[in-house]
Amino acid sequence: MTVVGPFGLSVRDQALEADVQAGLAAVEEGLLEATKSDVPFITEAAQHLVRAGGKRFRPLLAMLAAQFGDPHTPGVVPSAVVVELTHLATLYHDDVMDEADVRRGVPSANARWGNSVAVLTGDFLFARASHILADLGPEAVRIQAEAFERLVTGQILETAGPRDGRDPIEHYLDVIAGKTGSLIAVAGRFGAMMSGADESIVNILTQYGERLGTAFQLADDVLDIASDSHESGKTPGTDLREGIPTLPVLHLRALADGEHGTDKDRELRDLLDGDLTDDGRHAEALAGLRAHPALEQARRDTVRYAEEARATLAPLPGCMAKAALEGLCDSVVHRAG
């Protein structure tokens with residue numbers, strides 16, 4: 001049994017392992033090349049998160065999806081680089097919006113150089129991704145543009161909040177389908193499409209990526225509450241402190257506001273709705289959520305989306321790549337505890 005990629009994904013086939021490892025290594029080289037500039041400071045800032053590591057979840061998905069065609073087709077690796085560069089760019093911007101101090105176990109770019117540099121570095125990465133994308137053809141440009149529109153729309157919806165009368169949990173699931181699911185779907189789509197896989201397979205892997213992306217983000221929501229900084233690579237409860245309502249918080253609010261809510265539920269809700277910039281109140285809120293059934297409900301939702309992702313793979317021919325994609329579903333669920 002071999003371990004490759006994020007979350008200790010197990011790959012039991014030597015040929016598949018070799019292809020995936022070679023592809024990921026080429027992506028890493030591509031990321032470093034794409035983040036070089038004639039200005040040394042720009043190179044340092046642009047490579048800050050590349051060199052910090054990361055799960056490379058999206059490139060891994062692209063490499064596995066490419067197994068359903070010719071994984072050595074020239075467009076596979078550049079398309080994975082495009083998706084990961086786009087993801088990295090969003091992290092620079094997200095950390096500014098969230099005023100985050102830590103990312104991937106290192107100081108965030110905004111904490112190190114300030115908001116302006118962080119925003120402009122994200123823009124630089126978007127530009128470099130677009131430059132690579134232009135060589136992949138107009139269809140790839142269109143797909144990426146549509147995904148980027150969905151990603152930004154999701155961010156705007158998150159910032160604006162649900163409209164009156166809208167279920168906050170439904171609204172949130174729409175937000176993360178845009179913010180996270182759209183780009184992970186593109187990773188699966190590009191990998192399959194660039195490898196020359198049949199259109200039916202491309203569609204299956206796009207749907208798989210969308211659902212897995214939602215599960216992936218929900219697992220992050222659980223980790224933000226349940227993990228320590230060593231596990232998640234960022235400060236626990238960051239979303240709590242910034243007042244960002246993730247799924248465990250939304251489940252808690254729904255319970256507290258419902259007819260079966262208890263005084264204890266409402267007390268925790270009121271604490272969460274208050275000022276959590278105070279370290280003591282923040283620690284109390286984090287401990288309360290860790291012990292509350294809302295966290296377990298968020299875990300169950302994560303499992304549900306991961307199982308939906310697995311179900312979309314059913315029509316694919318049986319092979320080790322399919323088994324590895326199923327393993328990714330297990331890994332995401334395991335990550336959420």
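I searched the whole structure for disulfides and found zero. This is a predicted model, so every entry here is a computed value.

I then looked up the cysteines by number. C319 is in no disulfide. Its nearest cysteine sulfur belongs to C329, 14 Å away. A disulfide needs the two sulfur atoms within 2.5 Å. I checked how open C319 is: its relative accessible area is 33%, so I list C319 as partly exposed. C329 is likewise in no disulfide, and the nearest cysteine sulfur to C329 is that of C319, at 14 Å. C329 has 1% relative accessibility and counts as buried.

Next, the chain as a whole. I noted 17 helices and four strands. The radius of gyration is 20 Å, close to the 20 Å that the globule rule gives for 337 residues, so the chain is as compact as a globular protein of that length. I also took the extent of the C-alpha trace: about 60 × 50 × 40 Å along the principal axes. For burial, I recorded 52% of the 337 residues as buried.

Last, I looked at helix α9 (residues 168-194) against helix α10 (residues 199-226). Their axes come within 6 Å and cross at roughly 135 degrees. The crossing of α9 past α10 is right-handed. I sorted the residues of the contact of α9 with α10 by type: 12 are nonpolar, nine polar and three charged.

Terms used
Residues numbered from 1 in each chain as written. Predicted model: local features only at pLDDT ≥ 70, side-chain atom pairs only at ≥ 80, totals over all residues. Heavy atoms only, no water. Axes fitted to C-alpha atoms, helices over the stretch in contact; angles between N-to-C directions. Helix = DSSP H or I, 4+ residues; strand = E, 2+ residues; numbered from the N terminus. Left-handed = near helix turned anticlockwise from the far one by under 90°. Nonpolar A, V, L, I, M, F, W, Y, C, P; charged D, E, K, R; others polar. Buried < 20%, exposed > 50% of the residue type's maximum accessible area, 1.4 Å probe, protein only. Rg over C-alpha atoms; globule rule 2.2 N^0.38 Å.
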